[in-house]
Amino acid sequence: MGEQPIFSTRAHVFQIDPNTKKNWVPTSKHAVTVSYFYDSTRNVYRIISLDGSKAIINSTITPNMTFTKTSQKFGQWADSRANTVYGLGFSSEHHLSKFAEKFQEFKEAARLAKEKSQEKMELTSTPSQESAGGDLQSPLTPESINGTDDERTPDVTQNSEPRTEPTQNALPFSHSSAISKHWEAELATLKGNNAKLTAALLESTANVKQWKQQLAAYQEEAERLHKRVTELECVSSQANAVHTHKTELNQTIQELEETLKEKEEEIERLKQEIDNARELQEQRDSLTQKLQEVEIRNKDLEGQLSDLEQRLEKSQNEQEAFRNNLKTLLEILDGKIFELTELRDNLAKLLECS
């Protein structure tokens with residue numbers, strides 16, 4: 001049966017920078033299909049993704065692999081055989097969770113398959129059985145889509161993990177401002193890309209209309225040529241000239257059909273670009289909504305800060321008034337104490353005189 005896809009999803013594919021071991025390098029310009037494959041012949045599970053005809057992910061699942069969620073929509077795993085770390089960015093948390101569940105499921109299946117294979121090898125005693133066991137572990141032919149060898153010894157360990165993004169449970173005032181500026185920059189970039197794509201879309205639409213007109217003209221020309229061929233075939237006295245002209249007309253018709261086919265392929269490509277433009281528009285709307293949420297939160301925080309400043313100012317004024325009152329009371333008390341002292345001295349003098 002060979003390899004069969006058992007689960008597929010779409011995601012943006014990244015690989016860790018081999019030089020820094022920290023930064024992510026995108027390997028696809030847009031979201032591509034990422035599939036789990038099962039090879040019933042070798043009892044092997046693999047993750048495969050193609051960008052056109054190029055394989056950008058070709059990772060065999062082993063029992064010691066771990067898929068890690070680093071954010072709500074991003075996950076990663078290290079492949080020591082490929083000497084890299086793969087990262088996938090999904091459109092939603094649900095897709096990420098589903099992919100992670102399948103990874104754990106197939107990882108467990110790979111572990112059980114490895115244990116069964118080891119048990120069979122331990123029970124094998126005849127040379128024919130050993131030969132059969134060796135065939136099960138042989139690599140696939142070059143025509144296979146995977147191209148990895150299960151018996152290849154991994155030359156690196158899984159110690160190249162990319163940096164995970166810190167969770168933001170509570171944003172300080174300065175951090176909120178930085179995030180707001182970041183989203184504004186992202187929004188400005190998307191607006192520029194959206195303007196370019198809109199211009200390209202308008203140009204493509206104009207080209208499509210022009211090609212449709214050319215196509216109609218070609219069809220009319222083909223019909224006219226067919227009628228002309230029919231008329232020439234009716235003229236028996238000019239059989240040789242008609243045959244030559246018919247051959248030329250057939251060649252012209254064939255060229256027109258090839259041109260028509262090329263235009264149809266170009267129309268399909270333009271439809272794909274339109275779909276990509278719509279996807280970018282959705283991303284722009286999502287970023288705009290996030291920016292609005294951040295601005296609302298900033299306004300709330302500014303209101304809270306203003307309220308705290310007013311309370312602080314009021315408290316300082318009350319403390320200043322209390323200090324002034326206390327100072328006044330102390331001055332009055334000092335005066336009273338001085339008067340009592342003089343009264344005491346006068347009484348003492350009166351007692352001495354008497």
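**Exercise 1. Determine how enclosed strand β8 is, and explain why.**

Solution. The model is predicted; local features need pLDDT of at least 70, side-chain atom pairs count only at pLDDT 80 or more, and totals for chains, interfaces and linings use all residues. Residues are numbered from 1 along each chain as its sequence is written, and side-chain values use heavy atoms, with hydrogens and water left out.

Step 1. Strands (E, at least two residues) and helices (H or I, at least four) are DSSP runs, numbered from the N terminus. Buried means under 20% relative accessible area, with a 1.4 Å probe and protein chains only.

Step 2. T84, Y86 and L88 point one way from β8, while V85, G87 and G89 point the other way; all are buried.

Step 3. Because six of the six residues of β8 are buried, the strand is largely enclosed by the rest of the structure.

**Exercise 2. Identify the strands that bridges join to β8.**

Solution. Step 1. Two strands pair if DSSP finds at least two bridges between them.

Step 1. β1 and β8 run antiparallel and are joined by four bridges. On this side, H12 stands opposite G89 in β8.

Step 2. Strand β7 (residues 74–79) also runs antiparallel to β8, with six bridges between them. Here V85 in β8 is the bridge partner of A78.

Step 3. The hairpin of β7 and β8 has four residues between the strands, and N83 takes a positive phi near 55° there.

**Exercise 3. Describe the largest nonpolar core and the elements that supply it.**

Solution. Step 1. A nonpolar core is a set of buried Ala, Val, Leu, Ile, Met, Phe, Trp, Tyr and Cys residues joined through side-chain atoms within 4.5 Å.

Step 1. The largest such core has 23 residues, of which Y36, I47, I57, W77, L88 and F99 touch the most other members.

Step 2. At least two residues of this core come from each of β1 (3–16), β3 (32–39), β4 (44–51), β5 (54–60), β8 (84–89) and α1 (93–123). The largest share, six residues, is supplied by α1.

Step 3. A second, separate core has seven residues, including I179, L190, L291 and V294.

**Exercise 4. List the residues that F99 touches.**

Solution. Step 1. Contact means heavy atoms within 4.5 Å.

Step 1. Not counting residues up to four places away in sequence, F99 touches F7, T9, V34, Y36, I47, F67, W77, L88 and F90.

Terms used: Buried < 20%, exposed > 50% of the residue type's maximum accessible area, 1.4 Å probe, protein only.
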